[in-house]
Amino acid sequence: ESTGSQGDCKSGTMADELRWIRVDGSGEELLYRGHDGKDPKDTICDFSHKQFTSDGRYIFFLSPAWAVSAALHRFDTRTKTLAFVMDANDVIVLNDCKKAENRDSLVVQRHRYFVVAGSYDWYWLFDRAGKKERGPIGEYESEKAVRDAIDGVGLCD
């Protein structure tokens, strides 16, 4: 049974692969081959929650990492490079936003700790690069609930 923590990823011929293919079934291409790493954020596999930005340049995905959090990565389809973005347990790329200032912003669920004791898992709004936190979205049980909240406050109208 996999716990989703570091060390679960395989290298070599057993590695998970990130690929893309045209809708007509042609042009299949290997983009990135997963591998184990010394640091949890450098261990790549599973490629879950895959989402493109509106222009198709970047693919964001989650990979198992720490005991309480996965790692969010960004793959650049032009330069064929991978970058660690942040710890995260869910991601929604706002690639269909009508508002240009919020298009391709990231809504990320992160595991955080209270100052005194305990922890919480809230969704937060970040810029397109995942570098600047723009504010809390809140605690939600499903992606649909998060999307309903985003629609409710007009974030993408």
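Which residue forms a salt bridge with Arg-112? In this predicted model, the partner of Arg-112 is Glu-133, and the closest N and O atoms of the two are 2.6 Å apart.

- The structure has nine salt bridges.
- Arg-112 and Glu-133 form one of them.
- This pair links distant parts of the chain, with Arg-112 in strand 8 (residues 106-113) and Glu-133 in strand 10 (residues 133-138), 21 residues apart.
- Glu-133 has a relative accessible area of 34%, so this residue counts as partly exposed.
- Another salt bridge joins the side chains of Lys-80 and Glu-29, at 3.5 Å from N to O.
- Lys-80 is partly exposed because its relative accessible area is 37%.
- Glu-29 is partly exposed because its relative accessible area is 30%.

**A salt bridge within a helix, and a network**

- The side chains of Asp-148 and Lys-144 meet in a salt bridge of 2.8 Å, N to O.
- Both residues belong to helix 1 (residues 143-152), where Asp-148 and Lys-144 are four residues apart, or about one turn of the helix.
- Asp-148 has 40% relative accessibility and therefore counts as partly exposed.
- Lys-144 has a relative accessible area of 56%, so this residue is exposed; the cut-off for exposed is over 50%.
- A network of salt bridges links Glu-17, Arg-19, Glu-28 and Arg-33.

- Strand 5 (residues 70-76) pairs with strand 6 (residues 81-88) in the antiparallel sense, over seven bridges.
- Asp-76 has Thr-81, in strand 6, as its bridge partner.
- Four residues lie between the two strands of this hairpin, and Lys-80 takes a positive phi near 60° there.
- Lys-80 is also the residue whose side chain meets that of Glu-29 in a salt bridge.

- Gln-51 is part of strand 3 (residues 48-52).
- Gln-51 counts as buried because its relative accessibility is 15%, and buried means under 20%.
- Leaving out residues up to four places away in sequence, Gln-51 touches Tyr-58, Ile-59, Phe-60, Val-91, Ile-92, Val-93 and Arg-147.
- A polar atom of the Gln-51 side chain lies 2.6 Å from the backbone oxygen of Val-91.
- From C-alpha to C-alpha, Gln-51 and Lys-132 are 19 Å apart in space, and they are 81 residues apart in sequence.

**The nonpolar cores**

- In soluble globular proteins, nonpolar side chains tend to be buried together.
- The largest nonpolar core here has 14 residues, of which Leu-72, Met-86, Val-91, Leu-106 and Val-108 touch the most other members.
- At least two residues of this core come from each of strand 4 (58-63), strand 5, strand 6, strand 7 (90-93), strand 8 and strand 9 (119-126).
- Apart from this core lies another, of 10 residues, including Val-107, Tyr-123, Val-146 and Leu-155.
- Not counting residues up to four places away in sequence, Val-91 touches His-49, Gln-51, Leu-62, Leu-72, Leu-106, Val-107 and Val-108.

Methods. Residues numbered from 1 in each chain as written. Predicted model: local features only at pLDDT ≥ 70, side-chain atom pairs only at ≥ 80, totals over all residues. Heavy atoms only, no water. Pairing = 2+ DSSP bridges. Buried < 20%, exposed > 50% of the residue type's maximum accessible area, 1.4 Å probe, protein only. Contact = heavy atoms within 4.5 Å. Polar contact = N/O pair within 3.5 Å; in protein donor to acceptor, adjacent residues only side chain to side chain. Salt bridge = Lys/Arg side-chain N within 4 Å of Asp/Glu carboxyl O. Core = buried A, V, L, I, M, F, W, Y, C linked by side-chain atoms within 4.5 Å.
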